[in-house]
Amino acid sequence: MKYVDEYRQHHLVKKLSQALHQITTRPWTIMEVCGGQTHSIVKFGLQALLPQKIRLIHGPGCPVCVTPIHLIDHALHIAAQPNTILCSFGDMLRVPGSRTDLLTMKAKGSDIRIIHSPSETLSIAKMNPHKQIILFAVGFETTAPANAMAVYLAKQQKLDNFSLLASHVLVPPALEFLLQSQGNEVQGLLAAGHVCTITGYGNYHALARNYQTPIVVTGFEPADILQGVYLCVQQLEKGEYCVINQYQRCVQEQGNLHAQMMMNSVFKAVDREWRGIGVIASSGLGLKDEFTGYDAAIRFPIEKPLSLKDNGCISGLILQGKKKPCECSLFGKQCSPESPCGAPMVSTEGACSAYYQYSNSRVLV
Amino acid sequence: MIENFSCPLTLDDQQIITLAHGSGGQQTSKLIEKIFLPAFANEHLALLHDGAVLSLPKNQIVFSTDSYVVQPIFFPGGDIGKLAVTGTMNDLAMCGAKPYYLSCGFIIEEGFLQADLQRIVASMKIEADAQSVQIVTGDTKVIERQTGNNIFINTSGIGIRMVDYPINPLQIKAGDSMILSGDVGRHGMAVMAKRQDLAFSSPLISDCASLFPIVQALLQEGITIHCLRDLTRGGLATALVELSESAKMDFSIEEKTIPVSDAVNSACEILGFDPLYVANEGRFIAFVPENQAMQAVKIIRRFSEGQQASIIGQVISESLNPSTALKNSFGTQRYLHRLSGDQLPRIC
């Protein structure tokens, strides 16, 4: 398969692994930001190809994992209303809210539909003029433009039965939060290639400079990730901290300007709670004032969220890279994909699910 | 006034299934006479008795049943009728049996098009005839309309074991070679693309097929088969995990030996699916002694469905904690596990 097979060629991967061994003289801790990268690392067993001195830790880049529970509860509340159709990407359906999850609600009769593109939601709205259609808009900068486009078109086409429950999060504020947090161990970052395809990496230069941390915009295939680590270690060994673009086949410095324009015309930066981490200033996207008529959170208000009992899940530490999934006492015991204690075990991009799915570590803990 | 009277139940030229067709009365009889009897014609069914009295060779009988609820009912490479016949015959073949007789039970929603039912029944006939299998008893029920497009089929099958030794997971031995009969993931992706109306540039066509002819050839040509498993829901990965646990053996397989078509691979990449977990309906794995593995592959490759057959791995040893390790070309490995629920399309 073009654009995939080339980056999985074993001789290329082995060559990169050897080169990495040659340049590594000291221990380094590098965070891969995106859950897609975490999955590639665990799925292809890439940690075994790295020098022992290099420690990879898994970042917060799993949109499902960081969605706060009160937003999931809000989606569940909306789905329970009569004459509503809640549209969501598949990943979100299994994530538990305070009391239940969307998949269970669907089985009990709520009209919840898995979509592959936000534009499908508009077709559903047109076909069901007497129902309220709600798009559960989850994700980073990667999914925000298409969701923005849905709102933009709904307004243009006067589809007043459409609204959007915004749960968008932004990567750079989260990275800054991690780099400045107490006890931060991250010395280099592999930035998320797909996010940078949209945003570009212009705003990473200040981050690299201010925190003296090299940042490499990295893809998702084995050769991408090894090259990303190589370019990071090369800088660390030399004491440099620049932004380098490894994922040149997709990412340009300025990003996708059309997508940014659409995103900026519909959304504005808002403070957002990250599950397990807390509120990070200006780290999310909410609808701009001229689009608040399409805000599902306003159309379907919910009372104060339930307070959650502590079930021992350490997702906050996992999402900040401070603990590995197998270091959690619940992992593989009380917590599994069948009965998840936290979102990282549910999402296809969650670190806990990657460890559970691909490794044999569950027999070791 | 009497001239204008017409009872709705006597209308028989209607083109849809109604609740009357499941009443057990006149319409049921007419439906059977019009659609089922001509297609499945044989002396057992012709009696229209409560059951069929069958003659079987003196050997061990294999009995299996399965229900089919696939949506959409027509998909590239097959339909629910083809699936209902090949699926149960494949289950019999996986026990080393030649299929002889099938039963079929239809549950049809009112509003279902009779023309669609006829098409489905025609597919069933083609598949059954191809293996000289008779559909000897059946049942039809009609349920109230929901979408008007649902049909569910149950088939049960009787077969006779072709060899005098057992073929099941407990016969798997350390050192056995694992043979995969062809590329994986076609059926699941074809059905999903059709269901979700996803248009991919390369066509995705289900692998739905009868596996009995291949199994028969393997056994007739003297291959000692220890175990067979058709790869249906959950795909190759789930089948391997189940077998390793039943056999209490560690398995090791090589990723590069598992054929996956470009069309399936691309669709899986886009949706975030792992092709090893995607459903098949015309593929199986066979566990055979290592010294017979090459010969077995040659035999399977003679069939159009088996052209890409390959040895994908080996049974390592007995284990209290059985695992299936998947080795990739970089020399690292990951472990296969059961999935929790279906694979769902990812966010980004």
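Two residues are in contact if their C-beta atoms, placed from the backbone, lie within 7 Å. By that rule, 24 residues of chain B are in contact with 35 residues of chain A. This is a predicted model: local features need pLDDT of at least 70, side-chain atom pairs count only at pLDDT 80 or more, and totals for chains, interfaces and linings use all residues. Residues are numbered from 1 along each chain as its sequence is written, with chains lettered from A and ligands numbered from 1 in the order in which they are written.

**The side of chain B that touches chain A**

Helix and strand names follow DSSP runs, numbered from the N terminus (helices: H or I, at least four residues; strands: E, at least two). On this side of chain B, α8 (262-271) and β13 (333-336) each supply at least two residues. α8(B) gives the most, with 4 residues. By type, the residues of this side divide into 7 nonpolar, 13 polar and 4 charged. Here Ala, Val, Leu, Ile, Met, Phe, Trp, Tyr, Cys and Pro count as nonpolar, Asp, Glu, Lys and Arg as charged, and the others, Gly among them, as polar.

**A sheet in chain B**

Two strands pair if DSSP finds at least two bridges between them. An open sheet of 4 strands in chain B has the order β1-β6-β4-β5, with mixed pairing. Its edge strands, β1 (61-68) and β5 (134-143), each pair on one side only. Neighbouring strands are turned by 15° against each other on average, direction ignored. Axes are lines fitted to C-alpha atoms, for helices over the stretch in contact, and angles run from 0 to 180 degrees between N-to-C directions. Helix α4 (residues 114-130) of chain B lies across β4, β5 and β6 (151-161), and runs at about 160° to β5(B).

**Strand β3 of chain A**

β3 (residues 84-88) of chain A is mostly covered, with 5 of its 5 residues buried (20 or more other C-beta atoms within 10 Å of a residue's own, C-beta atoms being placed from the backbone). Side chains in a regular strand alternate between the two faces of the sheet. Thr84(A), Leu86(A) and Ser88(A) lie on one side of β3(A), Ile85(A) and Cys87(A) on the other, and all are buried.

Parallel pairings in both chains:

| Strands | Bridges |
|---|---|
| β4 (97-109) and β5 of chain B | 9 bridges |
| β3 and β5 (132-139) of chain A | 4 bridges |
| β3 and β4 (111-114) of chain A | 4 bridges |

Ile108(B) has Val142(B) in β5(B) as its bridge partner. Ile85(A) is partnered by Ile133(A) in β5(A). Cys87(A) stands opposite Arg113(A) in β4(A). From β3(A) the chain crosses through helix α5 (residues 102-107) of chain A to β4(A), in a right-handed β-α-β crossover. Right-handed means that, with the strands pointing away from the viewer, the path from the first strand over the helix to the second runs clockwise.

Definitions and conventions: Buried ≥ 20, exposed ≤ 12 C-beta atoms within 10 Å, placed from the backbone.
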